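Reader: I am new to this structure. Please show me how to read it, one feature at a time.

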Amino acid sequence: MFALVGQNAASLPLFISMKEGDNGNSDSTLTLGDPGSIADGDFLIAFIWNRGNATVSSFTGFTQRAASTITIDSTSRRLEIWTKVASSESGDYTVNMSSGQDANVGVILCYRNANATLDLATITGINTGAVTRCSGPSP
């Protein structure tokens, strides 16, 4: 087990669960399963990715925080980040895309004790399509 020194562990964000999904074809609807163990007040973060220029046209209850389209090997790739504070959640989540695209995929992450006012769009690189690589710790 990990012990937190000098921190109130009860108030730190805690990863609870995640669930991914993909449409596997050119369908304009993407279904993401319920991550499970969600409680009212949990912070849900959804990452929606596609190969193409389709955008999320509706994702009920979620708020778009960031979006970016980049080109890799002459193919457009789009990433959108959506968030929601959980309230009486039940069942799967449906993401409607502006058009059918091959390889629409997504994941929903559930966190407890998270700061739901976090503005993900302020993270460097989200809106520019820039790729940031992180180095591991020095030995």
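**Reading the model step by step**

Author: Buried residues account for 33% of the 139 residues in the protein chain. Keep in mind that this is a predicted model.

Reader: How much accessible surface does the protein chain have?

Author: It comes to about 8400 Å². Carbon and sulfur atoms supply 51% of that surface.

Reader: How many helices and strands does the protein chain have?

Author: There are zero helices and eight strands. Along the sequence the pattern reads β-β-β-β-β-β-β-β.

Reader: How many of the contacts join residues at least 24 apart?

Author: Take the contacts between residues at least 6 apart in sequence. Of these, 76% join residues at least 24 apart.

Reader: In what order do the five strands of the open sheet lie?

Author: Read across it: S1-S8-S3-S6-S5, with antiparallel pairing. The edge strands are S1 (14–22) and S5 (63–72), and each pairs on one side only. From one strand to the next, the twist averages 15°.

Reader: How many bridges join S3 to S8?

Author: Seven bridges join S3 (residues 43–51) to S8 (residues 105–112). The two strands run antiparallel.

Reader: Which residues of S2 are on the covered face, and which on the uncovered one?

Author: Start with the general idea. In a regular strand, side chains alternate between the two faces of the sheet. Now the case here. S2 covers residues 29–32. Leu30 and Leu32 are on the covered face, while Thr29 and Thr31 are on the uncovered one.

Reader: In what sense do S2 and S7 pair?

Author: They pair in the antiparallel sense, over four bridges. S7 spans residues 93–97. Threonine 29 stands opposite asparagine 96 in S7.

Reader: Which residues touch the most other members of the largest nonpolar core?

Author: The general idea first. In soluble globular proteins, nonpolar side chains tend to be buried together. In this model, the largest nonpolar core has 16 residues. Leu32, Ile48, Phe59, Phe62 and Val95 touch the most other members. S2, S3, S7 and S8 are the elements that give two or more residues to this core. Leu32 also belongs to the covered face of S2.

Reader: What does phenylalanine 62 touch?

Author: Leave aside residues up to four places away in sequence. Phenylalanine 62 then touches Leu44, Ala46, Trp82, Thr83, Lys84, Tyr93 and Ile108.

Reader: How many salt bridges are there?

Author: Side chains of opposite charge can pair when their charged atoms come close. The count here comes to three salt bridges. One of them joins aspartate 42 and arginine 112, with the closest N and O atoms 2.8 Å apart. Aspartate 42 lies in the loop between S2 and S3 and arginine 112 in strand S8, so the pair ties together parts that are 70 residues apart in sequence.

Reader: Is aspartate 42 buried or exposed?

Author: Aspartate 42 is buried, at a relative accessible area of 2%.

Reader: Which residue forms a salt bridge with arginine 78?

Author: Glutamate 80 does, and the closest N and O atoms are 2.9 Å apart. Arginine 78 counts as buried at 14% relative accessibility. Glutamate 80 is buried too, with a relative accessible area of 2%.

Reader: How far apart are the closest N and O atoms of lysine 84 and glutamate 89?

Author: They are 3.2 Å apart, in a salt bridge. Lysine 84 is buried, and glutamate 89 is as well. Lysine 84 is also one of the residues that phenylalanine 62 touches.

Reader: What phi does serine 37 have?

Author: Most residues other than glycine have a negative phi. Serine 37 has a positive phi of about 60° although it is not a glycine. Look for serine 37 in the loop between S2 and S3. Serine 37 is exposed, with a relative accessible area of 59%.

Reader: Where does aspartate 73 lie?

Author: Aspartate 73 lies in the loop between S5 and S6 (75–85). Aspartate 73 has a positive phi of about 50°, though it is not a glycine. At 72% relative accessibility, aspartate 73 counts as exposed.

How values were computed
Residues are numbered from 1 along each chain as its sequence is written. This is a predicted model: local features need pLDDT of at least 70, side-chain atom pairs count only at pLDDT 80 or more; totals for chains, interfaces and linings use all residues. Side-chain values use heavy atoms; hydrogens and water are left out. Buried means under 20% relative accessible area, exposed over 50%, partly exposed in between (1.4 Å probe, protein chains only). Contact means heavy atoms within 4.5 Å. Accessible areas come from the Shrake-Rupley method with a 1.4 Å probe; for residues, only the protein chains shown count as cover. Two strands pair if DSSP finds at least two bridges between them. Axes are lines fitted to C-alpha atoms, for helices over the stretch in contact, and angles run from 0 to 180 degrees between N-to-C directions. A salt bridge is a side-chain nitrogen of Lys or Arg within 4 Å of a carboxyl oxygen of Asp or Glu. A nonpolar core is a set of buried Ala, Val, Leu, Ile, Met, Phe, Trp, Tyr and Cys residues joined through side-chain atoms within 4.5 Å.
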